[in-house]
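Reader: I am new to reading protein models and would like to learn how to describe one step by step. Could we look at one together, starting with its sheet?

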Amino acid sequence: MPCAVPARAAPAHEAGARYQCAGFRVSLARHTPGQLIELAAEKEIKLFTSRALLDELAATLAKKKLAKPVAATGLSAGQMLRNYRRVATLVTARRLAQQVSRESDADAVLACALAADVDLIASGDDDLLVLKHFHDIPIVTPAEAIKLIS
């Protein structure tokens with residue numbers, strides 16, 4: 001689910017830079033969200049997630065339509081989820097007082113971003129991207145996040 005980069009002109013490697021990963025629907029290594037996960041594994045960025053987002057990721061990875069792409073990684077859906085949990089920091093995110101996005105599931109990403117005090121949300125979810133910002137946190141695509149990190 002999505003991810004974050006410093007919005008305050010801090011280099012990605014700067015100490016204290018905080019990142020948010022909340023909206024990856026699927027994180028296959030050859031795709032841009034997978035690149036963000038690789039950066040987190042290399043400690044270049046920090047990813048944050050919540051219980052609700054982990055549950056959504058697990059349900060998404062278990063979908064039949066994703067069986068072939070998941071299998072192509074050489075990992076099971078469970079292994080992919082465990083690997084993601086190793087690189088993402090789990091935060092306790094409270095539900096937003098009122099719905100902000102067009103889809104309540106996307107609000108879980110926003111709640112996670114607030115709980116983690118992130119600088120950027122990276123997501124491919126149109127329900128989030130249409131917002132552009134949330135509480136002064138920019139919302140960008142994973143590809144845009146990669147460009148900002150580079």
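Author: We begin with a term: two strands pair if DSSP finds at least two bridges between them. Helices (H or I, at least four residues) and strands (E, at least two) are themselves DSSP runs, numbered from the N terminus. In this structure, which is a predicted model, an open sheet of 3 strands has the order β3-β5-β4, with mixed pairing. Its edge strands are β3 and β4 (133-134), each of which pairs on one side only.

Reader: What should I keep in mind about the numbering and about the prediction?

Author: Residues are numbered from 1 along each chain as its sequence is written, and side-chain values use heavy atoms, with hydrogens and water left out. As this is a predicted model, local features need pLDDT of at least 70 and side-chain atom pairs count only at pLDDT 80 or more, while totals for chains, interfaces and linings use all residues.

Reader: Which way do β3 and β5 run, parallel or antiparallel, and which way do β4 and β5 run?

Author: β3 and strand β5 (residues 137-140) run parallel and are joined by 2 bridges; here Ile 121 has Ile 139 as its bridge partner, and Ala 122 stands opposite Val 140. β4 and β5, also joined by 2 bridges, run antiparallel, with Phe 134 and Ile 137 as bridge partners. The hairpin of β4 and β5 has 2 residues between the strands, and in this hairpin His 135 takes a positive phi near 50 degrees.

Reader: Which residues of β5 are buried?

Author: A residue is called buried under 20% relative accessible area, exposed over 50% and partly exposed in between, using a 1.4 Å probe and protein chains only. In β5 both faces are covered, with Ile 137 and Ile 139 buried on one side and Pro 138 and Val 140 buried on the other. Across the protein, buried residues make up 45% of the 150 residues.

Reader: Which residues are buried in helix α1, and what covers them?

Author: In α1 (residues 32-41), the buried residues are Pro 33, Gly 34, Leu 36, Ile 37, Leu 39 and Ala 40. To say what covers them we use contact, meaning heavy atoms within 4.5 Å. The cover includes β1 (47-49), α4 (77-87), β3 (121-122) and α7 (142-149). Just after α1, Lys 43 takes a positive phi of about 65 degrees.

Reader: How do I read two helices that pack together?

Author: Two packed helices are described by the angle between their axes and the distance between the axes. Axes are lines fitted to C-alpha atoms, for helices over the stretch in contact, and angles run from 0 to 180 degrees between N-to-C directions. Angles under 35 degrees count as roughly parallel, over 145 as roughly antiparallel, 65 to 115 as roughly perpendicular and the rest as oblique. The axes of helix α2 (residues 51-61) and α4 come within 9 Å and cross at roughly 155 degrees, and α2 and α4 are therefore roughly antiparallel to each other. Their contact is made by Arg 51, Leu 54, Leu 57, Ala 58 and Leu 61 of α2 and Ala 77, Met 80, Leu 81, Tyr 84 and Arg 85 of α4.

Reader: Why are α2 and α5 called oblique to each other?

Author: The axes of α2 and helix α5 (residues 104-116) come within 9 Å and cross at roughly 135 degrees, and the two helices are therefore oblique to each other. Ala 52, Leu 53 and Glu 56 of α2 make this contact with Asp 105, Ala 108, Val 109 and Cys 112 of α5.
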